[in-house]
Amino acid sequence: MATTTKSAAASNNKVTPKAIRDRMLYHLTYTRCKDWRSATDYDKQASLAFAIRDLAMDRMIATQRTHTDKDVKRVYYLSMEFLLGRLLENNIAAVGVTEAARKALKEMDIDLDILVGQEVDAGLGNGGLGRLAACFLDSLASMEYPGYGYGLRYEHGLFRQEFENGWQKERPDDWLKFGNPWEVVRPEYTVPVLVYGRIEQVPTVGGGRKPVWVDWQMLEGVPYDMPVIGFDVNTVNILRLWSSRATEDFRLDVFNQGDYVRAVEEKNWAETITKVLYPSDATHAGKELRLIQEYFLVTCAIRDIIRRYRKKHSNWGKFADKNAVQLNDTHPALSVAELMRYFIDETDVPWDKAWEITVKTMGYTNHTLLPEALEKWPVQLMERVLPRHLQIIYEINARFLQQVEVRFPNDLERVKRMSLVEEGENRQVRMANLAIVGSHKINGVSALHSELLKEFTVRDFAEMWPERFNNKTNGITHRRWLLVCNPGLSNLITSKIGDGWIKDFDQLKKLEPFAEDRAFRTEFMKVKRQNKERLANIIQDLVGEWIDPDSMFDVQIKRLHEYKRQLLNAMHIIALYHRIKDDPNVDITPRTFIFGAKAAPSYHLAKLIIKLCNSLGRTINNDPDVADRLKVIFIPDYSVSLAEIIIPAADLSEQISTAGKEASGTGNMKLSLNGALTIGTLDGANVEIAEEVGDENIFIFGHKTHELIELKKTYNPWDYYNRDPVLRRVINAIRDNEFVPEEGPLFTDIYRTLMEYGDQYFHLADFDLYVKAQEEVSSLYENQQEWARRAILNVARMSKFSSDRTIREYSDDIWGLKPCPITVPNGNAAEQFGPDAD
């Protein structure tokens, strides 16, 4: 490494507007092959992205070389989702050239805000799981930890959501239509992926027999690297995304015989693997595709980790000392079986030694308390797709259950519960059990979730290995979710407490005294009003509906699921609407209810709830009696980039999931950080948010987790229906489709779910408590100065919920990582000779 180096801050201070302009024009000419007159908006946006990427490349090379030369321990974060959002604005901020870029573009008569708004969200995730992974990558790089993300390069992502007569319609999300300027393809690191086949017992030299996987079908995983730029540091880590392709794209011999379809059959099949995120598993073919998709990620990642390790090590003794693999939920749980398969089948490491290394390497993060969300794969399917891995899982299970029987003798029921294989007519492999048994640490993602995990969901395992279980409360990157997405508030904060909070989020607490400053409260609400006006303009463009920025913006933005209780929100809206219809002159706090959510394509009831919300909007928004005092807006195709506009504008944050069902949530953190007050149950991270901001600065309602456990034993929704006339009228309105009666009884299934099928998520039990809490919200909102005071305290007390804190805890308690500061040699980093750094 050259002795003359440069820091990130020093390097970026030298980047002038002219340098950015020149680099952008260079890429316009030599990358996009355009001149200024012929350049489209996309050409200009892509050229700026290439110019910003150039600023990170020396650091990216230096980061990988330093990690290799120092032989540091790395963490590998395996996730089926990385919900990155748009990258251009965030990366401009990360390399510290926001003002220089703005000036450069202004000289070219381009508005930076308009240009970055033209970027397409990366279609690599769906909800909180993927957004958390993206925040973690940001914190790893910004805190200078050596880390990789491993995911899949989905061609079409989840889907693009449109509404037709209020119904969700799924369209392909063609996010790669114009390419991705941030990615670098790495065909030299292509990985073979084997599926199907059978097991053959082959004689060994010593006279025994060894199982060998034969007659498999091969495809390839091609890696694409995306830079993860640390904020104001030289570290640039890598998100490596794998794309599937056939080993032989095109059969010329078959083509020449005139069978044109069969000539490309293998290519089409292979490329299906990374075509979309979460293909529907409603059919056998869909289930098979999802299993292959998960294994594809796992085998590509494990082989890549091993390749990198083998460059510096000739034996496996330090593998766990140099590599930490974190499984983000159960999707990558096959990593346990794949690493064991590699050690045993390809290197002849003895079983006990291979298992010791595997367990020390793996960590597992659980993200759900819902039993139905803990993945299981039919044994018959796994035997067809991954026969060798099923054998290994059987062997892991046999050895593990022996330990269980020793630890808990004569407890057959416990053995059955803990087995990796669920017995019965349709035997299934329990992926959560595999992940737990194969990991040295298992964590939940909020204090409540971690306790419930140990008490209920995987109690047997927690009793066997209490030392393995711990909590790591989720966090968010404040750099994207305050600094970048809410510049008005960020600048206001910096004007009062300086900019130290950007690097050290604990300094945000210095803002707390300003909550008592009337002038500051007025400035704070002025920023909020500006953000609301911006959102109102976006909504006008997207759905053609005017909303009043002076109304309370009541926001619920999250994946559509029954336990998240968008339906409870809708029930409250119906009750308010009934109040106005009963007395059009009633005094009511004006509210705009804003929803953003996608429902899984095969999730009938979730799609029906979307239709209900849209039907409410159609009726309420056009009713002269309402007179714009209520508006219901369902924003189509909710995404990270939309969240970055909605969240700074929100007044009220709806976090109303059934207690004990939400693992953590991170939307609650983002909304509080941007000055929204929360109405919520004591669920997930709401518990810790309430502890931090103070009970008086949050609206908590509803039954607690253990109360619902007791209530469930005798719960009858009809009891609540019969004794509450407001609730009864709401339920009847849903049953009778009071909102668009000409379309018939559309919502019968919602009615039946609530009244005939037991109301699994306790909507009726919590309804009155929710309505009363909402009345407190309305009362407080009338006092704008007091509302502002409490909102400012929410902002000031959110430092605990930085993903920097979460990553530091993972690094200290699970991964054993140390920060590795990077210095960049003057000149071209690629000129520093030495072995391959990746």
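**Sheet, cavities and cysteines in a predicted model**

An open sheet of 6 strands runs in the order 21-20-19-22-23-24, with parallel pairing. Its edge strands are strand 21 (630-634) and strand 24 (699-700), each of which pairs on one side only. Strands (E, at least two residues) and helices (H or I, at least four) are DSSP runs, numbered from the N terminus. Two strands pair if DSSP finds at least two bridges between them. Strand 19 (residues 552-557) and strand 20 (residues 591-596) run parallel and are joined by 6 bridges. I557 has G596 of strand 20 as its bridge partner.

The model is predicted: local features need pLDDT of at least 70 and side-chain atom pairs pLDDT 80 or more, while totals for chains, interfaces and linings use all residues. Residues are numbered from 1 along each chain as its sequence is written, and side-chain values use heavy atoms, without hydrogens and water.

A cavity is a set of points, on a 1 Å grid over the protein atoms alone, where a 1.4 Å probe fits but cannot get out; lining residues have an atom within 4 Å of a point. Grid points are joined across faces, edges and corners, and a volume is the space filled by probe spheres set on the points. The count is 6 cavities of 30 Å³ or more.

The largest cavity has a volume of about 200 Å³. It is lined by 15 residues, and L84, L87, N90, A134 and V228 are the closest to its centre. Helix 4 (88-94), helix 7 (128-142) and strand 10 (217-229) each supply at least two residues of this lining. By class, the lining of the largest cavity has 9 nonpolar, 3 polar and 3 charged residues. Here Ala, Val, Leu, Ile, Met, Phe, Trp, Tyr, Cys and Pro count as nonpolar, Asp, Glu, Lys and Arg as charged, and the others, Gly among them, as polar.

The second largest cavity holds about 90 Å³ of space. Of its 13 lining residues, D71, R74, R308, Y309 and K312 lie nearest the centre. Helix 3 (41-69), strand 2 (74-78) and helix 11 (284-310) each supply at least two lining residues. Helix 11 gives the most, with 3 residues. The lining of the second largest cavity has 4 nonpolar, 4 polar and 5 charged residues.

The count of disulfides (pairs of cysteine sulfur atoms within 2.5 Å) is 0. The sulfur of C485 is too far from the closest cysteine sulfur for a bond, because that sulfur, in C135, is 11 Å away. C485 is buried (under 20% relative accessible area; exposed is over 50%, partly exposed in between; 1.4 Å probe, protein chains only), at 4% relative accessibility. C820 is also buried, with a relative accessible area of 5%.

Terms used: 1 Å grid on protein atoms, 1.4 Å probe; cavity = no way out; pocket = protein on both sides within 12 Å on 5 of 7 lines; lining within 4 Å.
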